[in-house]
Amino acid sequence: MNDQERKLLYTGRTHTVGGRDGGHAKSSDGVLEVGFSTPGTHGTGTNPEQLLAAGWSACFIGAMGIAARKMRVTLPPDTAIDAEVDLRLGDDGYSLAARLNITLPGLERDVAQALADAGHETCPYSKALKDSIDVTIHVV
């Protein structure tokens, strides 16, 4: 299926001024308004790595919820993901790496792993990232 055959569900829009050192962004609907600070500084804003971690983990939990319904399993209400996004610098410039540490309390290990695997296969963020950066998915 090509992009022209896919039904558009939503477009997120933001306007960003500046950058990671003192910039700010606001969504077109006004719901999101955030300032930026360089990682590791004492600035008052967030950074793109934190935003990616938050967005990806929220989407991933949704993808596991869809998988859980298909598997006829109840996703625990206290399902949680501790997401980590690394900003790295090497000889080839800047790059990212990421880890999702998934907690699914009360589920058997094999069921939890199957949900995490299904989430990683269907989450749009995972699809975008898994072949472009170093990604680790870990069920804790």
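Helix α1 covers residues 48–71, which is 24 residues, and its first and last C-alpha atoms lie 34 Å apart. This is close to the 34 Å expected at 1.5 Å a residue, where the expected span is 1.5 Å times one less than the number of residues. Helices (H or I, at least four residues) and strands (E, at least two) are DSSP runs, numbered from the N terminus.

The model is predicted: local features need pLDDT of at least 70 and side-chain atom pairs count only at pLDDT 80 or more, while totals for chains, interfaces and linings use all residues. Residues are numbered from 1 along each chain as its sequence is written, and side-chain values use heavy atoms, with hydrogens and water left out.

**Around helix α1**

At the start of α1, a side-chain oxygen of Asn 47 comes to within 3.1 Å of the backbone nitrogen of Glu 49. Such a polar contact is a pair of N or O atoms within 3.5 Å; within protein, one must be able to donate a hydrogen and the other to accept it, and residues adjacent in sequence count only if both atoms are side-chain atoms. Just after α1, Arg 72 has a positive phi of about 60 degrees.

The buried residues of α1 include Leu 52, Trp 56, Phe 60 and Met 64. Buried means under 20% relative accessible area, exposed over 50%, and partly exposed in between (1.4 Å probe, protein chains only). Among the elements that cover the buried residues of α1 are β4, β5, α2, α3 (124–129) and β6.

His 120 belongs to helix α2 (residues 109–122). Leaving aside neighbours within four places in sequence, His 120 is in contact with Phe 60, Ser 126, Lys 130, Val 135 and Ile 137, contact meaning heavy atoms within 4.5 Å.

| Residue | Relative accessible area | Class |
|---|---|---|
| Cys 59 | 22% | partly exposed |
| His 120 | 14% | buried |
| Cys 123 | 0% | buried |

**Cysteines**

A disulfide is a covalent bond between the sulfur atoms of two cysteines. Here it is counted as a pair of cysteine sulfur atoms within 2.5 Å. By this rule there are zero disulfides. Cys 59 is in none, and the nearest cysteine sulfur, that of Cys 123, is 3.4 Å away.

**Strands**

Strands of a sheet pair through backbone hydrogen bonds, either parallel or antiparallel. Two strands are taken to pair if DSSP finds at least two bridges between them.

Strands β4 (residues 80–90) and β5 (residues 93–103) run antiparallel and are joined by eleven bridges. They form a hairpin with two residues between them, and Ala 83 stands opposite Leu 100 in β5. Strand β5 is also joined to β6 (residues 134–139), by six bridges and in parallel; there, Ala 97 has Asp 134 in β6 as its bridge partner.

A further sheet is open and has three strands in the order β1-β2-β3, with antiparallel pairing. Its edge strands, β1 (14–17) and β3 (33–35), each pair on one side only. Strand β2 (residues 24–27) pairs with β3 over three bridges, and Lys 26 has Glu 33 in β3 as its bridge partner.

**The whole chain**

The chain has three helices and six strands, in the order β-β-β-α-β-β-α-α-β from the N terminus. Buried residues make up 29% of its 140 residues.
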